[in-house]
Structure formats: C-alpha cells, structure tokens
Amino acid sequence: MNLGPLPVPTRLTHGEGIENYATRHAQRNGTSVEQIENALRKAGIMPKSRTRLHPGRLQTWRALGGLHDRAFDPKQSIGGHPVIVRELCLRCGNGNLRVGRTPSTGWVCVAHRRWIGQVQLDIRQLPELVAAERHFRSTLVSRGIHVGTPAMLTASECASAGIALSTLEERAARAGRHEYEMLIYPETVKIARLITRPAFKDWIQNPAHPAGQRRDRVASEIARTIFRTGESQRRRAAQRIENALRRLSRRGIEWLA
C-alpha cells in the first residue's frame, strides 16, 4: 500500500530529527505519534520494530510528511566522533524550537546572521563571524570536521588562551553581549583550519618529532595565525597556547583525533 502525506503539511527544518518532526507533524494533524504509529503497525504498513531510527520508520514519516529521501539522515557520527544533537536556528524554525544534527553547519546560521550556540543571538554587527562560518563550511567540513570533533575543541581552547583581551572587548561592545564562545569563533575557525591542514597535520602526528617539539611548533604557528604582527604578542600568546595544549593532553584529549 502506498502511504500518502497527512492532510496538514509540516515544513521540515534543515537538520531536524525525526522525533522533533514527527511530534510536530502529528500535533498539526490533531493526533499523536503513538496513535499514528500504532494504527500503521496494526494495518501492517509500518514495521513492528520500536527502534527509533529503523529504516522503515524513517521512510514512513518521510511519506507522511511528503518529504525527500534524505530527510532524517540517521548519521550519528563522522570519523568516529558523535554528531551532537542541538537546537537549530530559531529563525529557520519560524520562532519555534527545533532540534537535530547539522554536521555541515558550525555555530552560525548564515541565512539569518544568527549565532546558534547555547544562547541564540543576532550577529549582524559581527560580520567576521559570518565570514568564519563560510570558511568552516568550505574548508573544515570537507576535512571531516564538525563542531563535536576534538580539533574544534582544541581550536576553541587555544583561541581562548591566545586571543587579545582588547579584541574580546571590542567585539562584545559591537554585539552588546559577552558570549565568550561567540566572541572567539573567528579565531577558533582559523586555528581549526591550520591544525587540520594535511601537511601540518602530518608533521604534528609524526612520532619522529618529540611531543615537546610538536607542542612548541603548534603553539607558535597558532600564535602567528592570531597575531599577524607584533613579535612580543605572539611570544606571550604562544606560551599561553602551549599551556592550553598541555592541559588538553592531561585530560586525555588528542588534538587532532
């Protein structure tokens, strides 16, 4: 039996997960997910399996929503690292909460110029964040990097250690908000691009180079990336970054895993 869409359509937000969508779609049609699925199982249309990501269940809700075949991509990890479930852009969801996995998106919704971290904020006064997001999507995604990977965590820690206080204060004044991860995002992306560059990554992971030598070079290169001029600034930043790398190592976090 061919299964058609429910009478009242529900727009799928990019990256939205099946649970979020199914609940909304059922409610818009005056019923619940449980009622729909129980009826379809009794009719032999839907698999009896209660597994949430069962292919048959995914296909059923695609049909019920009239959605494309790529909806509800069940990919939960990339390169061995979990793709985090997070809140999606509120503007994309017409002001309503949506949750899902979007590995090809960093922490900025480019379409709406919006920071989509723990707190969602308008970033029209911070165009450098939008530029950083474009670099994330054009470079880092093709390298298998998403916001849940150790490389992004390392980059964020190093950006936090190395960035100048004056830069933070100036951005916070333009944003009207001191949301720390947001303010260091341009540097985070720059550093992530540096440490995942294939030739650089190969050098760092070469066991022929002692750990201290690798850490020193990484810290120096990152400091040079953040501060284009000012040798004394770069030296101070490199020391702080090297300490951050030591802390990561003590926590058992591989910089580029």
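**View 1. Helix 8 passes helix 10 in a right-handed crossing.** In this predicted model, helix 8 covers residues 185–195 and helix 10 covers residues 211–226. Their axes come within 10 Å and cross at roughly 135 degrees. On the helix 8 side, look for Glu-187, Lys-190, Ile-191, Leu-194 and Ile-195; they meet Val-218, Glu-221, Ile-222, Thr-225 and Ile-226 of helix 10. Sorted by class, this contact has six nonpolar, one polar and three charged residues.

**View 2. Helix 5 packs against helix 11.** Here we have residues 150–162 (helix 5) and residues 231–250 (helix 11), with axes 8 Å apart and an angle of about 145 degrees. This crossing, too, is right-handed. Helix 5 brings Thr-154, Glu-157, Cys-158, Ala-161 and Gly-162 to the contact, while helix 11 brings Ala-237, Arg-240, Ile-241, Ala-244, Leu-245 and Leu-248. That makes seven nonpolar, two polar and two charged residues.

**View 3. Thr-10 sits in the segment before helix 1.** Helix 1 itself runs over 18–28. Thr-10 has a relative accessibility of 5%, so it counts as buried, the cut-off being under 20%. Leaving aside residues up to four places away in sequence, Thr-10 touches Tyr-21, Arg-24, His-25 and Arg-28. With one of these, Arg-28, Thr-10 also makes a side-chain to side-chain polar contact of 3.1 Å.

Notes
Residues numbered from 1 in each chain as written. Predicted model: local features only at pLDDT ≥ 70, side-chain atom pairs only at ≥ 80, totals over all residues. Heavy atoms only, no water. Helix = DSSP H or I, 4+ residues; strand = E, 2+ residues; numbered from the N terminus. Buried < 20%, exposed > 50% of the residue type's maximum accessible area, 1.4 Å probe, protein only. Polar contact = N/O pair within 3.5 Å; in protein donor to acceptor, adjacent residues only side chain to side chain. Contact = heavy atoms within 4.5 Å. Axes fitted to C-alpha atoms, helices over the stretch in contact; angles between N-to-C directions. Left-handed = near helix turned anticlockwise from the far one by under 90°. Nonpolar A, V, L, I, M, F, W, Y, C, P; charged D, E, K, R; others polar.
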